[in-house]
Amino acid sequence: MTPVSAVNAANQIAVNYEEDFGRMPDQAGLQYWENVAAQNPNMTLTELNNAIMGGAQGSDMAAEGAMLAKGGTPSGIPASIPTNAAQLGNPTQLNVGPYQTVQGQLANIDDPNSPLMQQARAHALEQANASGLANSSMAITAGDAAAYNAALPIAEQDANTYENAAATNANTANQFAIANQTAQNTLTGQQLNAETSIQDALTAANTSIATNAASNQTQQAIATLQAQTNAMIQSSSSVANAGANYQSALNTIAQLNTDAQGKYNLELSAYNAYVQAVQTITASSHVPDVSNLLQFNQTDPSAGTVAGTGTDTGTGTTRLIRR
């Protein structure tokens with residue numbers, strides 16, 4: 001039998017769509033089946049068409065059923081086998097919504113303004129206040145890290161939704177086709193045996209291809225999310241380490257035998273280094289920039305004023321201000 005690698009895959013897919021569904025494939029469908037053909041060069045033309053038929057949904061499945069009911073012959077079934085099956089009904093499809101997917105869930109979790117991120121940040125701030133910590137960014141990044149850790153199992157479960165939906169749809173389509181073929185009223189014993197053998201082969205091929213494709217998509221989605229989650233956790237840890245280093249520097253400065261002006265200058269220098277480190281880390285990661293939450297409230301002995309921090313509305317960066 002002719003392998004798909006021996007023909008132009010795009011043209012063959014277009015022919016199958018026209019014969020099976022009465023339309024040309026859309027761009028997404030064409031690209032998907034071209035990828036399947038490229039990954040399975042030894043697949044025969046019949047197996048490719050069987051896979052396309054097995055993945056039919058919505059109006060395509062209705063068109064396929066109508067063709068069978070009128071005695072039409074799909075390109076994957078020999079013309080010598082009658083296909084004038086009685087139409088029994090439309091199969092139920094399991095549709096996956098955006099909030100059941102990896103992309104939808106990750107977008108909600110990754111958003112700094114999402115309920116999960118806001119709740120984690122609020123809880124971290126409450127813990128910081130209860131502990132009397134001056135630096136609230138350590139608690140904030142710890143809360144963000146916990147939220148990102150929770151993203152992976154959610155993503156894995158959602159990715160499995162795709163696999164389960166594909167398997168359910170393939171099984172529904174196969175059972176629907178078997179029921180229609182079995183309902184024929186005029187088949188002889190030999191014709192019925194031939195039809196059953198062909199349908200069994202279709203079922204095995206469609207189920208195998210659909211399951212393999214769904215499994216590959218699931219594994220790729222999980223690997224991508226694992227890498228993204230690891231990167232976000234590493235960035236959160238780096239911000240927390242910067243906060244710990246800043247606190248350590250303040251403790252060291254407090255023990256120095258120097259005047260108040262000298263300590264103030266050292267503390268200000270340590271603070272500016274801390275802000276710069278946080279901005280550098282968050283600029284290249286998915287961790288929210290918390291530098292605008294950092295505070296430096298020390299009295300400048302030479303000026304007699306209290307120095308604080310604020311956000312420059314022109315540049316969006318944190319800088320020292322006088323109060």
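This is a predicted model: local features need pLDDT of at least 70, side-chain atom pairs count only at pLDDT 80 or more; totals for chains, interfaces and linings use all residues.

Colleague: What makes Asp60 and Arg23 a salt bridge?
Modeller: A salt bridge needs a side-chain nitrogen of Lys or Arg within 4 Å of a carboxyl oxygen of Asp or Glu. The closest N and O atoms of Asp60 and Arg23 are 2.6 Å apart, so the pair qualifies. The search of the whole structure finds one salt bridge.

Colleague: Which parts does the pair of Asp60 and Arg23 tie together?
Modeller: Asp60 sits in helix α4 (residues 58-69) and Arg23 in the loop between α1 (9-21) and α2, so the link joins parts 37 residues apart in sequence. Helices here are DSSP runs of H or I with at least four residues, numbered from the N terminus.

Colleague: Why does Asp60 count as buried?
Modeller: Buried means under 20% relative accessible area, exposed means over 50%, and partly exposed lies in between (1.4 Å probe, protein chains only). Asp60 has 10%, so it is buried. Arg23, with 28%, is therefore partly exposed.

Colleague: And Gln12, buried or exposed?
Modeller: Gln12, in helix α1, has 18% relative accessibility and so counts as buried. Leaving aside residues up to four places away in sequence, Gln12 touches Val7, Leu45 and Leu48, where contact means heavy atoms within 4.5 Å.

Colleague: What is the class of Pro153 by accessible area?
Modeller: Pro153, found in helix α7 (residues 137-182), has a relative accessible area of 46%, so it is partly exposed.

Colleague: How do you know what span to expect for helix α9?
Modeller: The expected span is 1.5 Å times one less than the number of residues. Helix α9 (residues 260-283) has 24 residues, and its 35 Å from first C-alpha to last is close to the 34 Å expected.

Colleague: What makes the lining of the second largest pocket polar, nonpolar or charged by class?
Modeller: Ala, Val, Leu, Ile, Met, Phe, Trp, Tyr, Cys and Pro count as nonpolar, Asp, Glu, Lys and Arg as charged, and the others, Gly among them, as polar. On that basis the lining has five nonpolar, eight polar and one charged residues. Its largest share, seven residues, comes from α8.

Conventions: Residues are numbered from 1 along each chain as its sequence is written. Side-chain values use heavy atoms; hydrogens and water are left out. Helices (H or I, at least four residues) and strands (E, at least two) are DSSP runs, numbered from the N terminus.
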